[in-house]
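Please take a look at the structure below. Keep it in view while you read the briefing.

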Amino acid sequence: MTQSVVVQVGQCGNQAGCRFWDLALREHAHVNKRGLYDEALNSFFRNVDSRKSDGAEFAVGGRIQHLKARAVLVDMEEGVVNQILQGPLREVFDSTQLLTDVSGSGNNWAVGNMTYGSAYREKIVDKLRKAAEQCDCLQCFFLIHSMGGGTGSGLGTRVLSLLEEEFPEVCRVVTSIYPSGEDDVITSPYNSVLAMNKLTEHADCVLLVENQSLVDIVNKIKVMSHGTKPGLNIKRNSAVTSGQGGLSGAEKPFDAMNNIVANLLLNITSSARFEGSLNMDLNEIAMNLVPFPRLHYLVPSLTPLYTLADINVPTRRLDQMFSDAFSKDHQLIQADPKHSLYLACALMVRGNVQVSDVRRNIERLRPSLPFVSWNQEGWKTSLCSVPPVGHSHSLLALANNTCVKPTFMELRERFTKLYRKKAHLHHYLHVEGMEQSFFSEAIASLNSLIEEYHHLDATKARLTPDAPRLSIAR
Amino acid sequence: MSVVTVQLGQCGNQVGQELFDIICSDAQEGQRKTYSAASCERFFHQTAQGDLVARALLVDMEPKVINRSMSMAAKSGRWSYGASSHFSQKQGSGNNWANGYCVHGPCHRDAVEELVRREVERCDRLAGLIAMMSVAGGTGSGVGTYVTQCLRDIYPSSFILNHLTWPYGTGEVIVQNYNSVLTLAHLYQLSDAILVHENDTVHRICSRLLNIKHISFSDVNRVIAHQLGSILQPALTADSHGAYSRNPLGIDWQVRPPADSGRSRSLTGGSFNTSLANLLILRGKDVYSAETGGIDDPALYTSWLPSKEAFSLWKSPVPFNKYEKSATLVSNSQALLRPLDDMVGKVWNMFASRAYVHQYIKFGISEEDFLDSFTSLEQVISSYSQLC
């Protein structure tokens with residue numbers, strides 16, 4: 001089995017990452033009743049002997065001694081990382097995995113990417129190398145960051161290009177939190193577009209998450225749990241926003257939103273960690289969902305968001321789960337895939353669900369979902385027998401869909417509004433190494449990306465004739 | 001005479017485990033000494049303690065499925081896999097045929113060949129080799145094709161049967177058509193017989209004939225294993241002179257049309273499925289008095305092959321897998337023509353837009369290789385559709 005390393009950069013990246021580690025421990029504790037350090041745990045954790053100062057590691061099969069996360073934490077401010085080190089997860093990280101500075105990036109991509117990127121290049125590569133060496137078969141780097149600020153966005157994308165440089169064979173899956181339209185960081189459009197250029201170039205695939213969608217999901221659940229209908233209590237642990245049962249005690253602000261991101265990562269890796277009748281390894285994600293190298297932006301959709309406490313699970317509820325995965329309420333970006341074009345779609349199912357359930361639902365939903373002409377049956381499915389905590393089954397849908405085009409176009413608009421007036425540009429151009437060409441290249445890259453999606457959209461209306469076959473002479 | 005089985009990838013290993021399970025329980029059923037002895041000799045070797053160990057290797061590029069198959073076998077209490085008869089790596093083939101064929105295959109060639117050799121040496125006489133795999137994924141398809149090539153190199157005159165599981169038409173893997181076409185085109189040059197099960201068809205059997213409500217892959221795999229078992233278990237053939245035929249794979253499946261077979265026919269010719277060869281296997285009660293109906297009717301067969309040569313009948317008075325009477329038909333005919341044609345049609349469509357091609361090129365095959373495979377299959381489709 002393989003290992004993955006999580007690289008969390010910036011405030012958002014580290015807060016979301018922190019929730020990931022908490023929920024991962026919770027999930028494994030739930031499944032792993034005998035306290036043995038198994039292959040599944042090995043994929044995200046090392047098992048060390050804390051008595052020895054050199055932290056010698058134990059191999060798979062023995063008892064759990066001391067679990068250490070396979071992670072690298074980077075932040076140019078100390079606040080968030082310090083909080084982690086003082087909190088209940090402190091034992092899970094050791095100081096060699098952390099890289100911090102004090103002054104932050106001032107919400108400036110150039111500061112994150114150029115100033116800190118250059119200053120800390122060696123140290124970053126060093127820590128990444130160390131994490132990689134501790135794996136006997138490293139398959140994937142998961143980068144978590146936000147797009148709107150300075151560190152996550154700027155330094156995060158610098159780390160991404162370092163990952164490609166130093167570890168070209170290892171898959172790079174990036175979870176990028178995009179800011180909402182009314183973000184309080186004025187320059188977030190600059191930061192996001194500059195970062196996107198790097199994502200397009202260096203990531204194998206990007207899981208798009210929008211802040212606003214996370215907020216909406218959190219609110220939806222709050223409304224649900226404060227409902228007055230009797231018997232409609234939400235089952236403990238089951239809300240996708242809940243951290244109940246984890247190590248951390250009272251929830252902090254943003255915890256609920258970050259738990260959603262954490263669950264996304266847990267579900268994506270479930271079929272690689274646990275067994276099932278149709279496994280899906282991490283290298284299969286890009287293989288199936290990325291038909292053209294630059295079009296690797298994926299729309300995630302998680303269901304269920306919560307489970308009601310008292311209700312049994314009739315088949316109808318199972319089918320409802322599939323319907324929900326294709327409803328806007330469950331998506332992690334504000335987009336409309338049903339009215340755009342699917343290039344490919346993956347369904348990652350967990351729990352007691354059989355292949356016939358999946359087939360029945362694909363047949364049922366297929367007519368209402370427009371797929372590109374050359375990929376009419378573009379479904380990738382996986383069945384993992386272990387459900388997530390608090391549920392009997394769950395579904396993560398990952399779609400490569402042209403509905404991201406409007407999202408990118410809005411971003412472009414916000415960028416252009418500022419750039420036209422050269423607003424705040426001097427903050428960036430003052431940074432050593434930064435030039436105006438970075439801006440023009442970045443917007444050109446975004447333009448051509450939008451153009452590629454537009455091209456595909458245009459094929460939707462047209463009836464594309466079948467490709468010519470070969471006629472064989474007798 | 002013994003058969004050595006190589007199980008490749010998740011599907012190959014899952015189906016293989018069910019196959020050995022059915023064969024073992026069928027062999028150990030009731031009072032049928034000769035049949036049991038023949039069956040056990042064919043598929044298992046016996047340890048000093050009398051335990052049955054499958055003549056099989058389990059190959060996969062990641063360990064989870066092999067672990068599960070081996071432990072399920074051991075749990076049965078009746079048979080097991082050889083403790084060291086497996087090979088796995090840590091990281092799978094990523095649903096990528098080129099990764100399986102160009103990278104993993106050559107990389108692990110020596111280790112796998114060594115395991116095959118060891119297993120073959122344990123056989124008194126080798127009847128042939130069976131490779132079990134799916135065509136949709138990366139390991140079964142890619143590594144499976146490479147391993148078949150190796151088997152052909154090491155045992156040039158042995159009979160090699162490839163058992164292939166075709167995926168559901170509506171996707172289990174998005175690039176399944178690429179993987180399937182690349183596999184089939186290569187296997188055509190290497191294999192003596194390609195035996196196909198389609199998930200869609202087996203699924204229909206489960207839902208309509210067996211009335212299973214929530215069909216799982218276990219259900220599907222068990223049906224496949226049952227059908228395979230009924231072909232491979234001992235039977236009396238026309239020339240076995242009353243003994244259970246020593247070579248279960250010993251009919252000539254390959255037929256070549258004569259050079260000038262005149263007329264042509266369209267695919268939608270509106271006539272019944274034309275066969276090249278059919279094998280009917282009857283097991284259980286009343287086999288000796290059974291009528292085979294019109295299966296040997298010349299009208300079913302291509303005109304340039306007399307039905308006497310095209311039709312074979314095997315019998316076994318021993319009931320198989322608890323069915324009092326059962327019949328199995330293995331057919332080399334136009335039955336697979338439509339699914340094959342659909343598959344190739346879809347593959348052209350996808351290739352025309354070059355979707356996913358970069359993923360394969362990365363691992364060492366070229367656009368030429370794709371086109372060669374398509375051409376090769378178009379020829380197969382043409383040959384079969386012109387049967388009359």
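Here is a short tour of selected helices, loops and residues.

This is a predicted model, in which local features need pLDDT of at least 70, side-chain atom pairs count only at pLDDT 80 or more, and totals for chains, interfaces and linings use all residues. Residues are numbered from 1 along each chain as its sequence is written, chains are lettered from A and ligands numbered from 1 in the order in which they are written, and side-chain values use heavy atoms, with hydrogens and water left out.

**An annotated stretch of chain B**

- UniProt, in an unreviewed entry, places the feature "domain: Tubulin/FtsZ GTPase" at residues 40–240 of chain B. UniProt positions follow the numbering used here, feature names are shortened, and annotations may be inferred rather than shown by experiment.
- Over residues 40–240, chain B is 49% helix and 19% strand. The end C-alpha atoms of this stretch are 18 Å apart. Helices (H or I, at least four residues) and strands (E, at least two) are DSSP runs, numbered from the N terminus.

**Helix 11 of chain B**

- Helix 11 of chain B covers residues 337–352, which makes 16 residues. From first C-alpha to last it reaches 22 Å, close to the 22 Å expected at 1.5 Å a residue. The expected span is 1.5 Å times one less than the number of residues.
- Helix 11 of chain B is mostly covered, with 12 of its 16 residues buried. Buried means under 20% relative accessible area, exposed over 50%, and partly exposed in between (1.4 Å probe, protein chains only).
- Among the buried residues of helix 11 of chain B are L337(B), P339(B), M343(B), W348(B) and F351(B).
- The buried residues of helix 11 pack against strand 8 (159–166), helix 7 (176–190), strand 9 (193–198), helix 12 (357–361) and helix 13 (367–385) of chain B. Contact means heavy atoms within 4.5 Å.

**How helix 11 meets helix 13 in chain B**

- Helix 11 and helix 13 of chain B pack at an angle of about 150°, with their axes 10 Å apart. Axes are lines fitted to C-alpha atoms, for helices over the stretch in contact, and angles run from 0 to 180 degrees between N-to-C directions.
- Helix 11 and helix 13 of chain B are therefore roughly antiparallel. Angles under 35 degrees count as roughly parallel, over 145 as roughly antiparallel, 65 to 115 as roughly perpendicular and the rest as oblique.
- Helix 11 of chain B passes helix 13 of chain B in a left-handed crossing. A crossing is left-handed if the near helix is turned anticlockwise from the far one by less than a right angle, and right-handed if clockwise.
- Residues of helix 11 that meet helix 13 include L340(B), V344(B) and V347(B). Those they meet in helix 13 include F370(B), F374(B) and I381(B).

**After helix 11 of chain B**

- Just after helix 11 of chain B, R354(B) takes a positive phi of about 60°.
- Y356(B) lies in the loop between helix 11 and helix 12 of chain B. Its phi is near 70°, a positive value in a residue other than glycine.
- Is Y356(B) buried or exposed? At 0% relative accessibility, Y356(B) counts as buried.

**Elsewhere in chain B**

- Q17(B) sits in helix 1 (residues 9–27) of chain B. Q17(B) is buried, with a relative accessible area of 5%.
- Leaving aside neighbours within four places in sequence, the contacts of Q17(B) include S69(B), M72(B) and W79(B).
- Helix 9 of chain B is mostly covered, with 13 of its 16 residues buried.

**Two helices in chain A**

- The axes of helix 1 (residues 10–31) and helix 9 (residues 255–273) of chain A come within 8 Å and cross at roughly 50°. That makes helix 1 of chain A oblique to helix 9 of chain A.
- Helix 1 of chain A passes helix 9 of chain A in a right-handed crossing.

**Single residues in chain A**

- E133(A) is found in helix 5 (residues 121–133) of chain A. E133(A) is exposed, with a relative accessible area of 63%.
- T416(A) lies in helix 13 (residues 404–420) of chain A. T416(A) and Y190(A) are 226 residues apart in sequence and 9.0 Å apart in space, C-alpha to C-alpha.
- A cis peptide bond joins T303(A) and P304(A), with omega about -5°.
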